[in-house]
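Trainee: I've got a model open and I'd like to talk it through with you. Can we start with where the chains meet and then look inside one of them?

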There are 2 protein chains.
Amino acid sequence: MKLAVIGSGNIGKSIGEWASKVNYEVIFSAKNEQHAQEVAKAAGNHAKSATVKSAVEMADIILLAVPYGAVKEVVSEVGPLLKGKVLIDATNALTADFSGLALGFTTSAAEEIAKLLPEAKVVKAFNTVFASVYASQNPKIKGQPISVFYAGDDYEAKAKVADMITKMGFDAVDAGPLKAARNLEPMALLNISLGYGLGHGTSIGFSFVR
Amino acid sequence: MKLAVIGSGNIGKSIGEWASKVNYEVIFSAKNEQHAQEVAKAAGNHAKSATVKSAVEMADIILLAVPYGAVKEVVSEVGPLLKGKVLIDATNALTADFSGLALGFTTSAAEEIAKLLPEAKVVKAFNTVFASVYASQNPKIKGQPISVFYAGDDYEAKAKVADMITKMGFDAVDAGPLKAARNLEPMALLNISLGYGLGHGTSIGFSFVR
């Protein structure tokens with residue numbers, strides 16, 4: 001399975017690196033191509049880098065890991081190439097001070113992205129866990145399994161994302177249709193506030209117990 | 001510590017019953033006074049029932065466990081009596097089909113209640129866990145501790161609520177100021193959708209791992 005990562009920041013880097021360890025063919029890409037190259041090199045495991053365009057063309061699954069403000073630029077560059085592909089939206093559309101959701105609750109980043117890309121199979125995922133947890137390549141914290149929630153409207157696309165989450169060792173939790181991103185994005189905000197403002201640090205996560 | 005419970009539905013009944021077991025003097029109250037009486041009797045442990053007015057007058061902490069739609073009626077009946085008291089808001093303002101939040105994300109049930117009762121010390125809590133978990137009187141599920149999140153602007157009021165959560169054996173998690181109810185109410189919606197639509201049942205919960 002070929003995974004393109006768009007964005008070479010902490011989220012893209014750490015998830016891509018881990019995915020490459022569990023046998024995904026990972027192609028890193030970013031506006032800063034040199035940085036994508038460095039990230040690919042650091043990841044090892046035959047990870048490659050490419051332009052955003054080539055990365056998307058080669059991949060089955062694309063992880064969108066850019067700041068929400070950069071989404072429109074990505075869409076204008078590779079929008080048509082995403083037709084029929086699985087697009088994982090890991091973004092969080094926060095206000096500038098990180099204290100609120102820029103889009104409110106009557107929509108979500110995932111739904112806005114799906115509106116821009118009606119032919120892509122958008123799945124919200126990986127947005128409720130800190131990059132440092134992905135970087136640790138350990139799906140448990142203090143022995144407790146961390147849940148990675150995903151939401152989307154396409155059954156097969158969701159299954160592929162669930163498979164990726166599970167291969168990384170996380171507890172994959174189906175949170176429902178893409179609209180449920182409206183629940184996952186505030187959960188990310190809670191996670192961020194617990195980690196920073198409330199002093200728990202970034203080695204934290206939610207475990208869905210059942 | 002005297003706890004008044006307003007509302008004799010599943011949430012009020014099960015939290016009140018448990019609190020009475022951990023030595024809170026619990027006074028059940030409801031619009032249906034006979035029902036409150038029955039609930040108090042079933043709770044044992046010297047739990048009492050009273051009119052909503054008397055219950056509030058006697059108590060240090062008040063648990064508001066009515067449907068969100070009934071909040072205004074409670075406020076008009078006992079609003080002034082809540083001055084200076086700790087009011088735990090356990091409500092969730094859901095849309096009629098339980099699929100969304102009636103108040104959106106630019107405010108929260110807790111903040112709206114605090115606006116109606118500027119002199120009460122409102123703390124959001126107990127809204128992200130199913131009543132059946134409270135009814136079980138077991139703060140763990142499958143051996144994992146369940147987190148009960150609380151949010152509020154008054155430090156002492158929060159400490160009292162945290163103490164109550166802890167005495168019940170739960171993991172008490174400070175989620176920040178009352179505004180953070182905007183994160184906890186969507187979390188409740190996620191919990192409800194996982195329990196019902198997504199088939200996990202009601203013996204579920206979130207564990208905040210750190």
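Trainee: How many residues does the contact take from chain A and from chain B?
Mentor: Keep in mind that this is a predicted model. By class, the chain A side has 16 nonpolar, 10 polar and 4 charged residues. As for the count, the contact takes 30 residues from chain A, and from chain B also 30 residues.

Trainee: Which element gives the largest share of the side of chain A that touches chain B?
Mentor: Two elements of chain A give two or more residues to that side: β11 (205–209) and α8 (181–195). The largest share is 8 residues, and the element behind that share is α8(A).

Trainee: And β11(A), which strand of chain B do its bridges join it to?
Mentor: Look at Val209(A), which stands opposite Gly205(B). There are 5 bridges, and the two strands run antiparallel. The partner, residues 205–209 of chain B, is β11(B).

Trainee: Now inside chain A. Within what arc do the buried residues of α2(A) fall?
Mentor: In α2 (residues 33–43), the buried ones are Ala36(A), Val39(A), Ala40(A) and Ala43(A). An α-helix has 3.6 residues a turn, so residues three or four places apart point the same way. Here the buried residues line one face of the helix, because seen down its axis they fall within an arc of 100°.

Trainee: Which exposed residues are on the face turned away from that buried side?
Mentor: The buried residues of α2(A) pack against α1 (10–21), β2 (25–29) and β3 (48–49) of chain A. Turned away from the buried side is a face with the exposed residues Gln34(A), Lys41(A) and Ala42(A).

Trainee: One more: is Leu82(A) buried or exposed?
Mentor: Leu82(A) sits in the loop between α4 (71–78) and β5 (86–89) of chain A. Leaving aside residues up to four places away in sequence, Leu82(A) touches Val56(A), Ile62(A), Leu87(A), Leu117(A) and Ala120(A). With 23 other C-beta atoms within 10 Å, and 20 or more being the cut-off, Leu82(A) is buried.

Methods:
Residues numbered from 1 in each chain as written. Chains lettered and ligands numbered in written order. Predicted model: local features only at pLDDT ≥ 70, side-chain atom pairs only at ≥ 80, totals over all residues. Contact = placed C-beta atoms within 7 Å. Helix = DSSP H or I, 4+ residues; strand = E, 2+ residues; numbered from the N terminus. Nonpolar A, V, L, I, M, F, W, Y, C, P; charged D, E, K, R; others polar. Pairing = 2+ DSSP bridges. Buried ≥ 20, exposed ≤ 12 C-beta atoms within 10 Å, placed from the backbone. Arc of directions from axis to C-beta.
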